[in-house]
Amino acid sequence: MPTFSDLDHRAMARAIELAKRGVNTTHPNPNVGCVIVKDGEVIAEGWHERAGGPHAEAMALRALVAGPGLAAANGATVYVTLEPCSHYGRTPPCADALVSARVGRVVFAMPDPNPKVAGRGAVLLTQAGIKVDVGLMEAEAEELNLGFLKRMRKGTPYVRVKVGMSLDGRTALANGKSKWITSDAAREDVQHWRARSSAVLTGIGTVLADDPQLNVRLPEVSRQPTVVVLDAKARLQPGAKLFSGGGPVVVFTKSGPLPGVAALRLKGARVEVVSGGDQLDLSAMLLKLGELELNDVLVEAGPTLTGALVRAGVADELLIYMAPKLLGPQARPLFDLPLLEDLQQAASFNLIETAQVGPDLRLRMRPN
């Protein structure tokens with residue numbers, strides 16, 4: 001591991017903050033920020049704003065052209081949160097642009113696991129005589145792109161399970177009423193998690209019971225997430241509100257002739273068939289979502305689906321909103337899980353974040 005200076009840390013921290021600006025708009029691309037420093041001073045900044053647009057390094061070089069001029073890049077140090085790309089996609093390779101600008105050093109937080117890059121960016125820079133240092137604030141850079149990185153490494157999206165519950169771990173009254181356990185502030189906060197997600201996943205039971213739209217209702221958001229419905233028997237109706245949310249709809253069903261499929265396709269839904277009976281194959285479903293280039297999936301569903309995801313070991317994170325209310329033992333549980341004989345069988349989690357949201361407490365947890 002190279003030795004990094006205080007200036008290196010400050011510049012990379014700034015690049016990470018810049019990268020966060022694209023959290024709602026870059027799907028399926030990663031969030032990346034870039035800072036260019038010369039003689040101890042920041043001379044240009046940039047971040048990847050949206051898929052199909054210039055990458056962070058190109059944006060910083062553009063800012064340089066508009067300011068002191070591209071010649072200022074000669075011998076400068078470039079800080080970027082992810083390894084510069086080395087292939088032609090919708091935009092030219094960033095590594096080539098940095099070589100052409102004659103920068104002297106490139107510091108990137110982490111290698112890009114995308115098979116089209118995967119170290120080639122670093123090699124291209126090194127072969128051009130540019131000093132390359134890797135690993136500065138790598139953990140922080142990982143957090144920027146959990147979904148993208150998991151999809152590149154394992155072929156599946158990052159699964160974040162959102163639930164709202166009472167103090168005694170209940171999600172609805174025994175009669176099914178759940179509006180509203182959590183506060184207006186908590187529901188507003190959920191909108192931001194939807195906005196940063198590639199998709200919102202639910203089960204047909206939730207759709208039939210609540211007819212949710214599952215879209216983002218924030219004025220500054222221009223991209224709606226894909227809505228994914230697990231619907232083994234194709235019971236989803238073309239008049240469901242989720243079709244009016246503005247985002248694509250993907251429905252997973254089981255194999256066999258299902259009369260509802262044709263109507264869903266006519267409505268514009270993408271229907272995917274996976275194996276399984278009433279309980280569809282969750283691993284196969286997630287692999288298909290990875291093929292569809294969905295990075296982050298926010299699950300908003302009832303205890304049957306959320307419990308199944310936990311039991312299958314495919315829930316990467318729990319996002320829990322806990323309201324200061326007690327609903328009693330007859331109310332509906334948080335997850336539908338099997339009876340345990342021993343505490344050692346219990347699924348366990350690490351608490352990674354707590355925050356107060358209005359009167360409620362937001363907890364983020366990841367499996368041990």
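Reader: What makes β8 and β9 count as paired strands?

Author: In this predicted model, strand β8 (residues 199-203) runs parallel to strand β9 (residues 226-230), and 5 bridges join them. Two strands pair if at least two bridges lie between them, so with 5 bridges β8 and β9 are a pair.

Reader: What is the order of the strands in the 5-strand sheet?

Author: That open sheet has the order β2-β1-β3-β4-β5, and its pairing is mixed. β2 (41-47) and β5 (131-134) stand at its edges, each with a single partner strand, so one side of each is left without a neighbour. Neighbouring strands in this sheet are turned by 15° against each other on average, direction ignored. Helix α1 (residues 6-19) packs on the sheet and touches β1 (33-38), β2, β3 (77-80) and β4. The direction of α1 makes about 145° with that of β1.

Reader: How do you know that β4 and β5 pair?

Author: Strand β4 (residues 105-108) and β5 share 4 bridges in the parallel sense. At least two are needed, so β4 and β5 qualify as a pair. Val106 stands opposite Val132 in β5, and the bridge partner of Val107 in β5 is Asp133. β4 also pairs with β3 in the parallel sense, over 4 bridges, and there Val80 has Phe108 as its bridge partner in β4.

Reader: Which way do the residues of β4 point, and are they buried or exposed?

Author: Arg105 and Val107 point one way, Val106 and Phe108 point the other way, and all are buried.

Reader: Which residues of helix α2 are buried, and what do they pack against?

Author: In helix α2 (residues 56-66), the buried residues are Ala56, Glu57, Met59, Ala60, Leu61 and Leu64. They pack against β1, β2, β3 and α3 (94-100). Here is a handy rule: an α-helix has 3.6 residues a turn, so residues three or four places apart point the same way.

Reader: How do you know that the charged end of Arg21 sits over the ring of Trp47?

Author: The charged end of Arg21 lies 4.6 Å from the centre of the Trp47 ring. The distance limit is within 6 Å, with a further condition on the angle to the ring normal, and Arg21 is counted as sitting over the ring. As for aromatic pairs, a search of the whole structure finds 0.

Reader: What makes Ala234 and Glu293 stand out?

Author: Each has a positive phi although it is not a glycine: about 55° for Ala234 and about 65° for Glu293. Ala234 is in the loop between β9 and β10 (249-253), and Glu293 is in the loop between α10 (282-291) and β12.

Reader: Why is Ala234 called buried, and what is Glu293 called?

Author: Ala234 has 7% relative accessibility, which is under 20%, so it counts as buried. Glu293 has 44%, between 20% and 50%, so it counts as partly exposed.

Reader: Where is the cis peptide bond?

Author: It joins His27 and Pro28, with omega at about 5°. Pro28 is found in the loop between α1 and β1.

Technical notes. Residues numbered from 1 in each chain as written. Predicted model: local features only at pLDDT ≥ 70, side-chain atom pairs only at ≥ 80, totals over all residues. Heavy atoms only, no water. Helix = DSSP H or I, 4+ residues; strand = E, 2+ residues; numbered from the N terminus. Axes fitted to C-alpha atoms, helices over the stretch in contact; angles between N-to-C directions. Contact = heavy atoms within 4.5 Å. Phe/Tyr/Trp six-rings, centres within 6.5 Å; stacked < 30°, edge-to-face > 60°. Lys NZ or Arg CZ within 6 Å of the ring centre and 35° of its normal. Buried < 20%, exposed > 50% of the residue type's maximum accessible area, 1.4 Å probe, protein only.
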